[in-house]
Amino acid sequence: MTELIVNGDAEQGLTGWLTVAGTPAAIRYDRGDGYPGAGDPGPANRGTQFFGGGTSPRSTLRQSVTMPRRAASFTVSAWLGGYAGQQDGAQLTVEFLDCDGIPRGAVVLGPLTASERGSATGLFERTARGTVPPGSRRAVVTLLMTRAGSGTSNDGYADNISLTVTGGR
Amino acid sequence: MTQPLPDVVEVSWTVYSDRALRRRVAHGTVAASNLLGHSVHAVVRGLLPGRQYYFRFSALGRTSRVGRTRTAPVGPVSRVRFATANCQAFHDGFYAAHRGIATEDVDFVVHLGDYIYEHGQVGGHPVRDHEGPAILSLADYRRRYALYKGDPSLRASHAAHPWFLTWDDHECANDYSGTEGAAPFVARRAAAYQAWYENMPVRAGSALEPQLYRQRRWGDLLDLTVLDLRQYRSAQNLADGTILGTSQKKWLLDQISSSRDTWHCWINSIMLSQLARPGGGYYFTDQWDGFRAERAEVLGHVASSGMEDLVVVTGDWHSAFVDDIRPDFDNRDAPVIGTEFTAHSVTSGAYSAEWNTVNGPVMGAANPHLKYFEGNRYGYDVYEVTPQRWSTHMRVIGSRGDAASPVSTLTTFHVDRGKPGSYEDPGSVASPAQYRRV
C-alpha cells in the first residue's frame with residue numbers, strides 16, 4: 001500500500017499543496033475561537049493542525065500525483081467538517097487522468113452538510129475504495145473549502161487526507 | 001436501473017473515412033470505468049481537417065450504431081452551416097426538433113444549454129414525464145441523462161453530427177450561481193457536473209470542473225467562442241458581480257483584443273442583450289441583465305477594439321428574439337456592434353400566446369434594440385455563413401406532441417459582412433410574430 005499524498009495532515013502547513021484559489025490555511029487545534037479543538041469530533045491521530053478555508057469564500061488546495069504503474073485498487077479518505085449549524089464545508093475530489101490528460105475516473109468525498117455533522121463543530125471521516133482505471137497516469141487531488149453565504153471565516157475543515165493504492169510499483 | 005457491469009469494461013472504437021465502413025483510419029480501446037459511469041472519451045489522432053468520418057464502438061460483444069462526425073477545416077472556407085438547440089424539457093414534448101436537426105445538412109450542432117431539467121415529475125397529463133423526483137445525487141443525475149438520451153430523436157441528432165456544447169442552469173439547478181458555497185449545493189454541483197461530463201461528447205481536463213469556455217476555428221470563416229455563464233458566476237445584481245468569473249473574463253477580453261478578420265460567433269447560453277421592463281427594471285436578472293457592469297465592460301471592449309462581424313447565439317428564453325447589440329443599450333446613439341439571435345426552444349414551454357401578443361410590443365417599446373420577437377413556436381436555428389453573409393433560419397415544428405412533426409422555416413434574418421445589424425429576408429417578413437420593429 002503506497003501513500004501518494006504529501007502532507008495530507010497539514011502538519012507541515014500547506015507544504016506540498018498548490019493554492020489554486022482563495023486563502024487556505026493550516027489551523028492549530030489549540031487555536032480556540034470556535035475552531036475544532038482537541039475535544040471535538042475528528043481523527044484520533046489529529047496532530048496539531050488541520051486545513052481550513054481561511055477568509056475567502058472559496059479556497060482550493062491541489063496536488064497532482066503520479067500514479068504507480070499497475071496500480072490496481074485505491075482508497076481515498078479524508079476527515080471533512082465544518083462549524084456548528086453552518087453549511088460551510090470541505091470537499092475532497094480525486095480525478096484519475098490518462099496520458100492525454102483525459103479524466104478516466106472521479107471520486108468525490110463530501111462536503112458534509114450541517115445535518116450530516118449533527119450540527120456539531122468537528123471533522124468526520126469519509127472513505128471511498130475502488131479499482132484504479134487502467135491507463136491512469138496522474139491523480140489530481142483537490143480540496144475545496146467553501147463558505148456558505150456572507151461572513152468572513154470560511155469554515156470548511158479537513159484533515160488526514162489520504163490516497164493509497166495497492167498493486168503498484 | 002443498474003446494469004451488472006464490472007468496475008472496468010474495455011470499449012473498442014473504430015473510425016472510418018467512408019459510410020460503408022470499409023476504410024478504417026483509426027482505432028483503439030478505452031478502459032471505461034465505473035468511476036465515470038462507464039463513459040468513454042476517446043482521443044482520436046491522425047484525422048485530416050475538413051473531412052467527414054464515421055465511427056462506432058464495441059463492448060461486451062455488442063456493437064453500437066454508426067455515428068458521423070466532421071473535423072474542422074483549415075484555410076479558406078466558403079461556407080459553414082450549423083444548428084443550435086436549447087431547452088429540451090422532456091415532459092414538455094417530443095423531440096421533433098432533434099429529428100429535424102438529424103436530417104439537416106449541417107457541419108455541426110451547438111447545444112446552448114438546458115439539456116436536462118432537474119426537477120421532479122410535473123404530473124397532470126404531459127405527453128411524457130420525468131422518471132422520478134428532483135435529482136440531487138450522482139445516481140440521480142445519471143438516471144436523468146439516461147432518460148433524456150433514451151429519446152430516439154436526440155440519439156439520432158447526436159449520431160448525425162459533431163456537437164459543441166455549453167450549459168445553462170438546469171443541468172444543475174434552477175438559476176444557480178456556480179460559486180454558491182453551501183455544502184448541499186457544492187455536493188449537488190459536483191454530481192451534476194460529473195454526470196454532464198460523462199454524458200456529453202466533450203473534451204475537458206476535468207469531469208468535476210470541466211472548462212467549457214474555448215475558441216474553435218472553422219477555417220478562415222468563423223471563430224466560435226464558447227462561453228460558460230454558470231460555473232464561475234457570482235450572485236446577480238451585485239455592484240462587483242460577474243457572470244464570467246475572473247479567468248474567463250480575462251480570456252474573453254484577450255480573445256477580443258486579438259480577434260482576426262472573420263465572423264465571430266459567441267455561444268452564449270443566456271440572453272446578452274438588455275431586456276428592460278417598461279418603467280424600469282429588467283425581466284430577468286439571471287441573464288446578463290443581472291451583470292450589467294461586466295456586460296458594459298465586455299461590449300465596450302468589442303467596440304473599442306474594432307472587432308467586427310459579431311453574432312451571438314443564445315438559448316434559455318423559450319422564444320425567439322433578434323437584437324441589435326450596442327455597448328450601451330440605454331444610449332440610442334451607441335453604435336451597433338453585433339447581432340444576437342435567441343432561438344426557440346426544442347420543447348421547453350414558452351409563455352402563452354396571449355402573453356406573447358400583449359408583451360411582444362411592450363418589450364419592443366421598452367427596448368429599442370429589439371427587432372423581433374416570436375414566442376408561440378418551438379424548434380431550432382440553422383445558420384448558414386459565407387464570407388459575405390450570415391443567415392439565421394428559424395426552423396419550427398408543428399407540434400411538440402408529435403415526435404415526427406414536420407419542420408418548416410418560419411423566417412430568415414441576414415447579417416451582411418462588415419455591416420453591423422440584421423435584416424429580415426423579404427420573403428418572410430409577413431410570417432407570424434408578436435413583435436417586429438418597422
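This is a predicted model: local features need pLDDT of at least 70, side-chain atom pairs count only at pLDDT 80 or more; totals for chains, interfaces and linings use all residues.
**Domains of chain B**
- The domain assignment places residues 1-71 in domain 1 and residues 77-436 in domain 2.
- The centres of domain 1 and domain 2 of chain B, taken over C-alpha atoms, are separated by 29 Å.

**Helices H1(B) and H3(B)**
- Helix H1 (residues 96-103) and helix H3 (residues 152-160) of chain B have axes that come within 8 Å and cross at roughly 25°; since angles under 35 degrees count as roughly parallel, H1(B) and H3(B) are therefore roughly parallel to each other.
- The crossing in which H1(B) passes H3(B) is left-handed.
- From H1(B), Ala96(B), His98(B), Arg99(B), Ile101(B) and Ala102(B) take part, and they meet Ser153(B), Leu154(B), Ala156(B), Ser157(B) and Ala160(B) of H3(B).
- Sorted by class, this contact of H1(B) with H3(B) comprises six nonpolar, three polar and one charged residues.

**Contact with chain A**
- Chain B brings 21 residues into contact with 29 residues of chain A.
- On the side of chain B that touches chain A, strand E2 (24-33) and helix H4 (183-199) each supply at least two residues, and H4(B) gives the most, with six residues.
- By class, that side of chain B has 13 nonpolar, seven polar and one charged residues.

Notes:
Residues are numbered from 1 along each chain as its sequence is written. Chains are lettered from A and ligands numbered from 1 in the order in which they are written. Axes are lines fitted to C-alpha atoms, for helices over the stretch in contact, and angles run from 0 to 180 degrees between N-to-C directions. Helices (H or I, at least four residues) and strands (E, at least two) are DSSP runs, numbered from the N terminus. Angles under 35 degrees count as roughly parallel, over 145 as roughly antiparallel, 65 to 115 as roughly perpendicular and the rest as oblique. A crossing is left-handed if the near helix is turned anticlockwise from the far one by less than a right angle, and right-handed if clockwise. Two residues are in contact if their C-beta atoms, placed from the backbone, lie within 7 Å. Ala, Val, Leu, Ile, Met, Phe, Trp, Tyr, Cys and Pro count as nonpolar, Asp, Glu, Lys and Arg as charged, and the others, Gly among them, as polar. Domain bounds come from an automatic or database domain assignment.
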